[in-house]
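Reader: I am new to this structure and would like a friendly tour. Could you show it to me?

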Amino acid sequence: MVLTSVGKMVALQKKTSGIRNICILAHVDHGKTTLADCLISSNGIISSRLAGKLRYLDSREDEQIRGITMKSSAISLHFVKGDQEYLINLIDSPGHVDFSSEVSTAVRLCDGCIIVVDAVEGVCPQTQAVLRQAWLENIRPVLVINKIDRLIVELKLTPQEAYLHLKNILEQINAVTGALFTSKVLEERAEKETESESISDIAPGDQIYDWSAGLEDTDDSHLYFSPDHGNVVFASAIDGWGFGIEHFAKLYSQKIGIKPAVLLKTLWGDYYLNAKAKKIMKGDQVGRCLLYIAVVFLSIYCFPYRDKEKIEKIVTSLGLKIGARESRHADPKVHLNAICSQWLPISDAVLSMVCNKLPSPLDITAERVEKLMCVGARTFDSLPPETQELKSAFMKCSSEETAPVIVFVSKMFAVDAKALPHNKPRPLTQEEIAHRRELAKRRHAEKLAANQGKELSEKPPSENSSENHSHASPNSSVDGTERRVRSNAMKQEADDKESFIAFARVFSGVARRGQKIFVLGPKYDPAESLHKVSKLFCSATNDMPSVPHMTCCTLENLYLLMGRELEDLEEVPAGNVLGIGGLQDFVLKSATLSTSPACPPFTPLNFEATPIVRVAVEPKHPSDMPQLVRGMKLLNQADPCVQVLIQETGEHVLVTAGEVHLQRCLDDLKERFAKVQISVSAPIIPFRETITRPPKVDMVNEEIGKQQKVAVIHQAKEDQNKVPEGIQVDSDGLVTISTPNKQATLSVRAVPLPEEVTRLLEENSDLIRTMEQLNTSLNEDKKNHEINQKTLDRIKEFKQKLEQNLQGRKWRNAVDQIWSFGPRKCGPNILLYNFEGYKRSVWQCLGNTVKEVSKYRDFDNSIVSGFQLATLSGPMCEEPLMGVCFTVEKWEMNKVGEMLSTDSQDSGECDAIEHKQSEDTALTSSCTDEVCSGNEHHDSSQNVPKSPEKISKHKREVLLADCYGPFSGQLIATMKEACRYALQAKPQRLMAAMYTCEIMATAEVLGRVYAVLSKREGRVLQEEMKEGTDVFIIKAVLPVAESFGFADEIRKRTSGLASPQLVFSHWEIISSDPFWVPTTEEEYLHFGEKADSENQARKYMNAVRKRKGLYVEEKIVEHAEKQRTLSRNK
């Protein structure tokens, strides 16, 4: 096919019904980019012979070297079917789990997707992940089962076995889809139940419970993949052929004499052909061949590889043209590929399925529109009326002048400035060539004239003129040289500069070059901002009023994305994918652009992978630090998943999703963005600190408390846990501590939380953050913050789950006494209050607000702040805490403390101050006697009654004069110390981050896989054999700390026959005690006096302490010479 011109693409962009925005999703190495090559070759962009070898959309050098896709990239294709023309905006996405964030950016811009599955490997972890992402974004999938040839060539399956194998794969994929559908229906059912309960509370009566789950009434037949629905293609992308069963239905309908529609319904399934009666029979027919096998598989299986006459006959009957090169080739596989790629071209099969089964932008569902427009827990009905009106613009996908322009930017990607269309060299026209020829002639003539004039003027000049000439010419030459160097440097800098292009889609209106448009940040709220912007104000201008989270920008350049190439566009109508230049100063990673201020920001993207791998980066030459900082900012903008942090220590830290992602980010930083040599630290492993219940048995499985303790070692352990003076620690772990000025005393206890509660707190961190925001607005008496009913229901459900999991005598009323969560007020730790005279709860947003007027009111925030600091860095290695509950059981304040807390309440009440005047005077004089004795006589001599303002001022002076600092600061420090000592009073443990690891390996290398796993502290959870193959699937968990180099080691040990997929899963307690020393005689005999066998938890703890510059208790050998006996060397 001839390469389609840009003008043709622009014309097709205006026909919205003929546009298909699709992405290719699959597990790694299942053939996405090869399939994309086949589709691209159908447009003549690349040769069909290079399809699968060139990997056109893998434009990065490291993608070509590693053989995996790392960036999602787009291309527009032209497809003609009958008299209908289609524009296919195709996005190829990565399959590696480290780059799953790129999949999220691609899925958001599409209306449909092609799921590619390897016919041998079947459904893999990333296949399930991409199906889930497609489901969450409400886009429709179709299926391509790739590498069909492997069933014949590698597995050598019979037609019957191959059919059953494919049927099994389809069932697995449909099972994943069915599970997603069921969970959605059950959620909707639960929401309806809560609504009906609220209605029943208003109108009580006889209730009849409906036991049906709602699944029976819902039609889900359109969701599943089946060849007879036309949404499945069987293919071999590397060989360039593929087919849907409708191709064979048309082909064989004339031969068999059965209608194509009947054949289409019966080709897949338990249907058999009765050739004599020319009827299709259903059910088990003994000795008969399935219709699909007879018609489809035997056509491929029974290909006459060696018989040239039969091959020629097949070519003639099918009307194909085979080149002389292929027909002369000795390899029969070349003949098969040449015939099949013409007879069953994969591009026709796949693109026909895409055009028939996937929706156009006009078919966007109302459910998807509402989901995109509702950020967080807000419902569509709670949005302002102006915002709700935009739904119709989405649904119409209109390109009219009056339609508001709505564009979503899913990511920013960097391109070399040389690759931009206006910087590319272009062929000259005849007129330009003639003009340049004329200019060259004129310059030549001028040069000749100048030379002749110079010869004539070469006479003995005067001394002055020669002197002037000698002085002038060097300066002029120097200036000219400097000018040339400067211009060359500027040109080089412009060439080296990275330009950022926004990867976007127009959902409504027409985006035009030079158009001014609003950039809406993720926190932009149209409800709050619409009253600031006048209703007549419908276009973005430079003199717009200041609105939070909204800026104005200009669409400088619009581009048609053609894989490695970019083409300039003047305007892009609704429903198209495009690139936008000039947004790098306005958009960080993703954003919503609109000409209407009523448009809400789109919901954030769903990222499957969690960034967990951290490294600290610094330049090798300190003078390069500004370039590194600039480079890290650019990297942060160019990658949707990477995080760039500056820690308290001043380290610049990169947080990435895995090893491969980390390597790519570091390469980009060195070669593209910073362009300086950098030093990279060892990976910073995250840990968590927690406490557990006291163990019942010791390290040699003897019951604790019944053995005789070894005095010396036991004493050493007691010295290790010695508590400073002034801090009381009870036998049950209650820590009592006073502030430095002795005005307040706190008693704190630490208790481990049940695992279910910790998990619940982790899963609901966003909800806890929302609760904190609601409580803050209630405390500040802000009326403009509406509480959504759906959010309230979620908070109530969260509270009920907490109550269910926190049961028993020691957790009585614990949920109502929750004071705060931590760290950062949304973490997996809890602070409870359990003392009289105080009532404040995190559940204020549910309506049970108590206006606190007790003596603790002014300083309760100090206690919470101390708890937040304690949970942010634990005592073992300054890592955050997890799964710990702190209970404040006593908070006593002396009279001065009470006076300080009631000062703000009583400052305006003269009678109360006069009533306590004598007491205050005595207290003040005694305080100043302790703090500053120089004012003793001055204070005691003043018995004259003071005014309220003077007393209040004097009290504050006392507070400031305290040598221990402000009272609130003392409370924060005291609370932090109390929490730390309460934690140390219990058995402390480290928690390690864990990966789930899925490895596919054959039986020959299974033992080597297990060896590598056990060496790295891995634990195998499950091992199963994949049906119909000799491949085992091993599911294991592996500590993140031991995962670096794991994939390379597995590949080396198994000669490349096994490769793991690592995904962050959970946090797990390391069972060994990092502070353990032998205390009983049995432990002493078993482990020795030093007990210096490797303690995994201690090793991790010391490594973190060393990295943070904390004290590490270990012996350092200074002189490691081997001891030898001198007499033996005589």
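Author: Happy to, starting with helix H26 and its buried residues: Asp860, Ser862, Ile863, Val864, Gly866, Phe867, Gln868, Ala870 and Thr871. Buried means under 20% relative accessible area, exposed over 50%, partly exposed in between (1.4 Å probe, protein chains only). Please keep in mind that this is a predicted model, where local features need pLDDT of at least 70, side-chain atom pairs count only at pLDDT 80 or more, and totals for chains, interfaces and linings use all residues. Residues are numbered from 1 along each chain as its sequence is written, and side-chain values use heavy atoms, with hydrogens and water left out.

Reader: What covers the buried residues of H26?

Author: Helices (H or I, at least four residues) and strands (E, at least two) are DSSP runs, numbered from the N terminus. Contact means heavy atoms within 4.5 Å. The cover over the buried residues of H26 includes strands E27 (744–752), E28 (818–822), E29 (829–833) and E30 (884–893), and helix H32 (967–984).

Reader: How far apart are the end C-alpha atoms of H26?

Author: The expected span of a helix is 1.5 Å times one less than its number of residues. For the 13 residues of H26 (residues 860–872) that should be 18 Å, which agrees with its end C-alpha atoms being 19 Å apart.

Reader: Are H23 and H25 roughly parallel or roughly antiparallel?

Author: Axes are lines fitted to C-alpha atoms, for helices over the stretch in contact, and angles run from 0 to 180 degrees between N-to-C directions. The axes of H23 (residues 755–763) and H25 (residues 789–805) come within 9 Å and cross at roughly 165°. Angles under 35 degrees count as roughly parallel, over 145 as roughly antiparallel, 65 to 115 as roughly perpendicular and the rest as oblique. H23 and H25 are therefore roughly antiparallel.

Reader: Which residues make that contact, and how many are nonpolar, polar and charged?

Author: H23 brings Glu756, Val757, Leu760 and Leu761, while H25 brings Phe798, Lys801, Leu802 and Asn805. Ala, Val, Leu, Ile, Met, Phe, Trp, Tyr, Cys and Pro count as nonpolar, Asp, Glu, Lys and Arg as charged, and the others, Gly among them, as polar. The contact of H23 with H25 therefore divides into 5 nonpolar, 1 polar and 2 charged residues.

Reader: Which residues of H24 make the contact with H25?

Author: The axes of H24 (residues 765–779) and H25 come within 11 Å and cross at roughly 115°. On the H25 side the contact uses Thr791, Arg794, Ile795 and Phe798. On the H24 side the residues are Leu767, Ile768, Thr770, Met771 and Leu774.

Reader: Is aspartate 62 buried or exposed?

Author: Aspartate 62 is found in helix H3 (residues 61–66). Not counting residues up to four places away in sequence, aspartate 62 touches Met70 and Arg664. Its relative accessible area is 15%, so aspartate 62 is buried.

Reader: Is lysine 308 buried or exposed?

Author: Lysine 308 is found in helix H11 (residues 308–318). With 54% relative accessibility, lysine 308 counts as exposed.

Reader: Where is cysteine 397, and is this residue buried or exposed?

Author: Cysteine 397 has a positive phi of about 50° although it is not a glycine. This cysteine is found in the loop between helix H16 (385–396) and strand E10 (406–416). At 4% relative accessibility, cysteine 397 counts as buried.
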